[in-house]
Amino acid sequence: MAKPHVSMEVGSDGVAVIAIFNPPVNALAIPIFTGLKEKFDEATRRNDVKAIVLTGKGGRFSGGFDINVFQKVHVTGDVSVMPDVSVDLVVNTIEDCNKPVVAAMEGLALGGGLELALGSHARIAAPRTQLGLPELTLGVIPGSGGTQRLPRLVGLPKAIEMMLLSKPILSEEGKKLGLIDALVSSQDLLKVSREWALDIADRRKPWVRSLHKTDKIGSLNEAREVLKAARLQAKKTAPNMPQHLGCLDVIENGIIHGGYSGVLTEAKVFNELVLSETSKGLVHVFFGQRATSKVPGVTDVGLKPRQIKKVAVIGGGLMGSGIATALITSNIYVVLKEVNSEYLLKGIKTIEGNIRNLETRGKLTNDKAKKAISMLEGALDYSDFNSVDMVIEAVIENIPLKQKIFGELEKVCPGHCILATNTSTIDLSVIGEKTNSQDRIIGAHFFSPAHIMPLLEIVRTNKTSAQEILDLMIVGKAIKKVPVVVGNCTGFAVNRTFFPYSQSAHILAHVGVDVFRIDRVISSFGLPIGPFQLQDLAGYGVALAVSKEFRGAFPDRTFKSPLVDLLIKNGRNGKNNGRGYYIYEKGSKPKPDPSVLPIIEESRRIANMMPNGKIINVTDQDILEMIMFPVVNEACRVLDEGMVVRASDLDIASVLGMSFPSYRGGIVFWADLVGAKHIYERLTRWSELYGGFFKPSSYLEVRAARGVPLSAPASSLSSSSRSRL
């Protein structure tokens with residue numbers, strides 16, 4: 001296969017067509033930048049070239065900068081590996097070229113790809129070409145002049161929206177905004193672009209250097225008002241992410257001091273941001289998500305995935321109906337089974353409501369919504385199960401009931417059928433112990449609401465066959481989930497890692513820390529809601545059931561809080577009945593409920609945990625660490641027991657399953673930024689004060705002592721225990 005390169009062909013019309021080749025999306029790798037510089041220099045020198053057209057091979061212009069280079073910068077800490085594209089290539093070579101340059105775009109022109117086009121003197125695009133600057137999703141800002149040229153072509157409000165929300169537009173909208181000069185069919189793209197370039201050369205069309213345009217910017221006062229509103233919005237929606245305010249500062253610099261000054265400032269700010277923890281975290285998540293699809297012994301042994309056309313879902317409650325919604329909206333037939341017609345109708349109504357909701361939110365067209373509904377059928381018995389490729393059991397967490405169902409499934413389903421359970425805590429070996437099909441039993445653990453949350457934990461026992469795992473991974477991707485393969489233990493990877501989260505919150509509450517302050521600290525760290533509001537949302541029944549499971553599995557490190565029982569006794573059930581730690585009224589945000597404070601006081605008296613009966617004095621940083629470090633400690637045990645393939649899988653699972661902030665890179669990545677030594681020392685101190693719950697794991701202790709990152713594979717430690725996955 002041909003290496004990534006840049007080609008140039010000069011036609012008899014005197015137009016040099018310079019084309020980028022780096023499939024699949026023509027990413028701008030270092031050799032591509034070198035090639036562009038060489039070809040542009042050659043075209044500029046040659047007397048037989050009157051004008052230049054820049055394009056991409058294979059129906060795509062360019063998907064932007066090669067993100068692998070970011071990774072290299074993060075590993076080495078050396079920004080000099082980044083090529084000087086902005087001034088050297090885009091300004092000096094393309095925009096200030098003495099021959100007109102026209103960008104001929106189709107498919108996509110994103111990030112650095114669009115920035116090359118912005119530096120050209122005109123832009124011609126095929127229909128439905130995606131145009132955007134999504135750099136902020138990687139913790140940086142556009143680095144090749146995008147912050148300066150886009151506002152000058154489409155106006156300030158639209159440019160800010162495209163950059164700060166990383167929101168691409170289609171070429172049709174680009175034409176209306178003035179970003180695209182002409183829309184032409186794919187077949188005519190090069191022909192029209194060549195003619196356009198010659199027209200500029202012959203002064204029949206304007207020769208526009210967009211960096212020097214000012215007509216779309218408006219007055220300085222207007223621009224400042226727009227930027228002020230955008231800053232307020234960014235502080236509210238992205239408070240911990242420096243790239244948003246950095247981007248707005250750079251735009252403002254260019255408006256005040258001119259485009260070229262803006263380009264120089266942009267390069268300086270880009271170099272600062274690319275080394276920030278935010279960029280490191282977001283780039284880590286980007287690559288980590290891709291790594292989840294590589295599972296040794298499953299994806300690398302030549303197995304072919306089987307087609308899953310029809311799935312039975314047992315149980316039409318909240319989870320079952322969400323799972324069924326995810327399947328039918330992705331073209332997979334579903335048989336929904338319930339115990340009686342009343343429950344079945346309720347389940348079908350919930351699914352129809354989910355579909356309507358997706359349609360209202362513009363996620364589904366009316367035709368797709370109708371098609372999805374037509375792919376659902378209801379059942380009260382197993383008569384339709386003889387033709388299903390997979391069953392997902394989603395009934396209540398009751399071991400005898402699940403064992404009975406799996407015993408029946410083994411008899412009624414075809415031999416190739418995958419037998420999956422959506423249990424969130426029960427050991428799979430227990431569920432399947434009375435069957436002869438343990439190689440077909442697998443966990444398909446969705447997160448609620450199942451048709452919206454992006455994570456699918458695929459739980460394997462030591463008997464689950466590689467074929468079942470591969471097939472479920474493919475189904476997961478088909479229904480737009482990110483599948484992460486995990487081992488079989490209480491709580492699996494995500495719920496187990498995060499079970500200390502609410503435990504430590506309750507310990508803090510019982511040593512006198514205000515519950516609403518705890519929630520505020522955790523929200524400002526970047527989780528959507530704190531542990532007490534999360535408990536309100538899930539309902540107290542769930543809290544009791546889950547803590548009972550974990551107490552049974554890990555009795556030495558669980559805290560039995562009297563608080564939830566007291567809340568239930570007081571007639572509270574969180575959001576379900578509008579009263580919990582917070583008051584929930586329709587149409588308004590949850591408000592802290594002061595009448596819960598005496599109940600918390602009573603719980604403190606019962607638990608009697610305060611040292612010498614006195615409330616402890618803690619900073620916000622202490623609160624954050626006392627809640628998150630026990631989670632890190634449990635993550636260490638999950639890694640040590642080989643419950644995930646690699647540490648980054650746990651990072652992705654924490655981001656997608658627990659809404660851990662992606663800009664912090666996931667739970668293990670964040671812990672490595674903080675440092676194992678600091679975490680170990682703090683946990684040791686707290687375990688002396690408050691008991692065994694905080695006791696550091698041996699995995700953490702060894703790595704803290706040797707200065708080895710928590711994410712490093714076991715082979716980094718010569719005496720480390722072998723992975724048992």
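Where is Leu710 found? In this predicted model, Leu710 lies in the segment that comes after helix α29. With a relative accessibility of 1%, Leu710 counts as buried, since the cut-off for a buried residue is under 20% relative accessible area. Leaving aside its neighbours within four places in sequence, Leu710 is in contact with Val632, Cys636, Leu639, Val668, Ala671, Asp672, Ala676, Tyr699, Leu700 and Arg703. Between Leu710 and Gly347, which are 363 residues apart in sequence, the distance from C-alpha to C-alpha is 44 Å.

Two of the residues that touch Leu710, Ala676 and Leu700, also take part in the packing of helix α28 with helix α29. Helix α28 has 15 residues and reaches 21 Å from its first C-alpha to its last, close to the 21 Å expected at 1.5 Å a residue. Its buried residues are Ala676, Ile679, Leu683, Trp686 and Tyr690; these cover an arc of only 100 degrees around the axis, and they therefore sit on the same side of α28. On the other side of the helix, Lys677 and Glu688 are exposed. The cover over the buried residues of α28 includes α25 (620-640), α27 (667-674) and α29. Just after the end of α28, Gly691 takes a positive phi of about 105 degrees.

Two packed helices are described by the angle between their axes and the distance between the axes. For α28 (residues 676-690) and α29 (residues 698-706), the axes come within 8 Å and cross at roughly 130 degrees, which means that α28 is oblique to α29. The crossing of this pair is left-handed. On the side of α28, the residues that meet α29 are Ala676, Lys677, Ile679, Tyr680 and Leu683, and their partners in α29 are Leu700, Glu701 and Ala704.

A second pair of helices is formed by α20 (residues 515-525) and α21 (residues 531-538), whose axes come within 7 Å and cross at roughly 100 degrees. This angle makes α20 roughly perpendicular to α21, because values from 65 to 115 degrees are counted in that class. The contact is made by Val515, Ile518, Asp519 and Ile522 of α20, together with Pro531, Phe532 and Gln533 of α21.

Elsewhere in the chain, helix α1 (residues 30-45) has 16 residues and reaches 23 Å from its first C-alpha to its last, close to the 22 Å expected at 1.5 Å a residue. Ile32, Phe33, Gly35, Leu36, Phe40 and Ala43 are the buried residues of this helix. Seen down the axis of α1, they fall within an arc of 160 degrees, so they line one face of the helix. What covers these residues includes both strands and helices, namely β1 (5-10), β2 (15-21), β3 (51-56), α3 (86-95), β4 (101-105) and α4 (112-119).

The loop between α3 and β4 holds Cys97, a residue that is buried, with a relative accessible area of 3%. Not counting residues up to four places away in sequence, Cys97 touches Thr44, Ile52, Asn92, His121, Trp207 and Arg209.

Notes: Residues numbered from 1 in each chain as written. Predicted model: local features only at pLDDT ≥ 70, side-chain atom pairs only at ≥ 80, totals over all residues. Heavy atoms only, no water. Helix = DSSP H or I, 4+ residues; strand = E, 2+ residues; numbered from the N terminus. Expected span 1.5 Å × (residues − 1). Buried < 20%, exposed > 50% of the residue type's maximum accessible area, 1.4 Å probe, protein only. Arc of directions from axis to C-beta. Contact = heavy atoms within 4.5 Å. Axes fitted to C-alpha atoms, helices over the stretch in contact; angles between N-to-C directions. Parallel < 35°, antiparallel > 145°, perpendicular 65-115°, else oblique. Left-handed = near helix turned anticlockwise from the far one by under 90°.
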